[in-house]
Amino acid sequence: MRLPPDPAVDAAEPLVSPVSSHNEWDPLEEIIVGRLDGVTIPSDHPVVSCNLPPWAARLHRRVGGFRYPRVLTERARQELDQFVALLQSLGITVRRPDAADHRRRFRTPDWSSRGFGNTCPRDSMLVIGDEIIETPMAWPCRHFETHTYRSILKDYFRRGARWTAAPKPQLIGELFKEGFRAPGADEPMRYLLTEFEPVFDAADFVRAGRDLFVTRSNVTNGMGIQWLRRHLGPAYRIHEIESRCRAPMHIDTTFLPLAPGKVLVNPEYVDPDRLPDVLRSWDILIAPEPDPIDERLLRITSMCGKWLSMNVLMIDEKRVIAERHHTGMLRALEGWGFEPIPCDLLHYSPFGGSFHCATLDVRRRGALESYFD
């Protein structure tokens, strides 16, 4: 039965979506920044421990599910507040998720877990144009993470954004290879995940208009990539970046487009000669060796490895926020023609990353383009 037209709706002004972001470099207007409130050490699970060194995995099995100590959270919170203030001083609208008790246990029909946090919105949501997609994450402790963003998502939807959720995964034993061991340097690549169901983190994708780039990883499987490829349809192309990382998770310390024709790559993880053919006309910017971290507590608690120096955030095609500690990266960016804005976020690494990981760019001023035709 067809409903009669609603004059109130028909007379309303067309909605203009507050969500509109097609790449990593158009002028930034609105962004979501994560929170540290209630952040909890991820509950023990093979999908968490497989990305840790063996000694760290053993320690994690003992402390998973407990609160992070204040000695870690307080310094990170100070730096995060300064980062938010910097974004606002640049005229960028900043949105934040709701605070939550992530140590609270939750259940599905198959398993139970405590949470983790909402420190990295880049992982759980993917923005493609005017659409924001909740991703099917492989970490059980992150299964309901987007609930803390629901007030923001509902606001965006009411104002005209498209809001999609990928199929919620079961995360049962069939998805994870029993007895998995990360491959050694001379062994063929292998991953923890099977193809039982689609799973992916948004942070395994980066955008360049009609072209997306992805790394397969221990949180993103082939079915997850295929789900997104089918969902987006022929208007977009998804290219896989071959990573040499033995415990891959998230592309933004491996491969990050910075501007039209310029992409930053990790020389330890990427062979420039094996990049997709569409990048042949682009400048391949080789990331310099990161500056060493002297602070022992930070070295042993970071979830992300040394290449967080690459985890920068473009404000536009020229300006880029980068970690103040990594002077080698700041000098390299300047040499490549960018205008680096130094900022401190070094102590955020125990909670999942740096500037790119800690944010989700919701609106950038620019249209959908193809940069490889």
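**Close-up views of the predicted model**

**View 1. Lining of the second largest pocket.** By class, five nonpolar, six polar and five charged residues make up the lining of the second largest pocket. The model is predicted. The second largest pocket holds about 300 Å³ of space. Its lining counts 16 residues, and A100, D101, H102, F106 and F144 are the closest to the pocket centre.

**View 2. The largest nonpolar core.** This core has 43 residues. I31, V47, F83, L87 and I321 touch the most other members. Two or more residues come from each of β1 (28-33), α2 (46-49), α4 (70-89) and β16 (339-343). The top contributor is α4, with seven residues. Another core lies apart, with 33 residues, including C245, W282, W307 and L333.

**View 3. Surroundings of V47.** Beyond its neighbours within four places in sequence, V47 is in contact with A138, W139, P140, F176, L192, N218 and V219.

View 4. K306 forms a salt bridge with E268, with the closest N and O atoms 3.6 Å apart. K306 sits in the loop between α8 (296-301) and β14 (313-314), and E268 in the loop between β12 (262-265) and β13 (283-286), so the pair ties together parts 38 residues apart in sequence. K306 also meets E289 in a salt bridge (2.6 Å, N to O). E289 lies in the loop between β13 and α8, so this pair ties together parts 17 residues apart in sequence. K306 is partly exposed at 41% relative accessible area, E268 is partly exposed at 40%, and E289 is exposed at 51%.

**View 5. The E187 to R181 salt bridge.** The side chains of E187 and R181 meet at 3.3 Å, N to O. E187 is partly exposed, at 28% relative accessibility.

Methods. Residues are numbered from 1 along each chain as its sequence is written. This is a predicted model: local features need pLDDT of at least 70, side-chain atom pairs count only at pLDDT 80 or more; totals for chains, interfaces and linings use all residues. Side-chain values use heavy atoms; hydrogens and water are left out. On a 1 Å grid over the protein atoms alone, a cavity is a set of points where a 1.4 Å probe fits but cannot get out, and a pocket is an open set with protein on both sides within 12 Å along at least five of seven lines; lining residues have an atom within 4 Å of a point. Grid points are joined across faces, edges and corners, and a volume is the space filled by probe spheres set on the points. Ala, Val, Leu, Ile, Met, Phe, Trp, Tyr, Cys and Pro count as nonpolar, Asp, Glu, Lys and Arg as charged, and the others, Gly among them, as polar. A nonpolar core is a set of buried Ala, Val, Leu, Ile, Met, Phe, Trp, Tyr and Cys residues joined through side-chain atoms within 4.5 Å. Buried means under 20% relative accessible area, exposed over 50%, partly exposed in between (1.4 Å probe, protein chains only). Helices (H or I, at least four residues) and strands (E, at least two) are DSSP runs, numbered from the N terminus. Contact means heavy atoms within 4.5 Å. A salt bridge is a side-chain nitrogen of Lys or Arg within 4 Å of a carboxyl oxygen of Asp or Glu.
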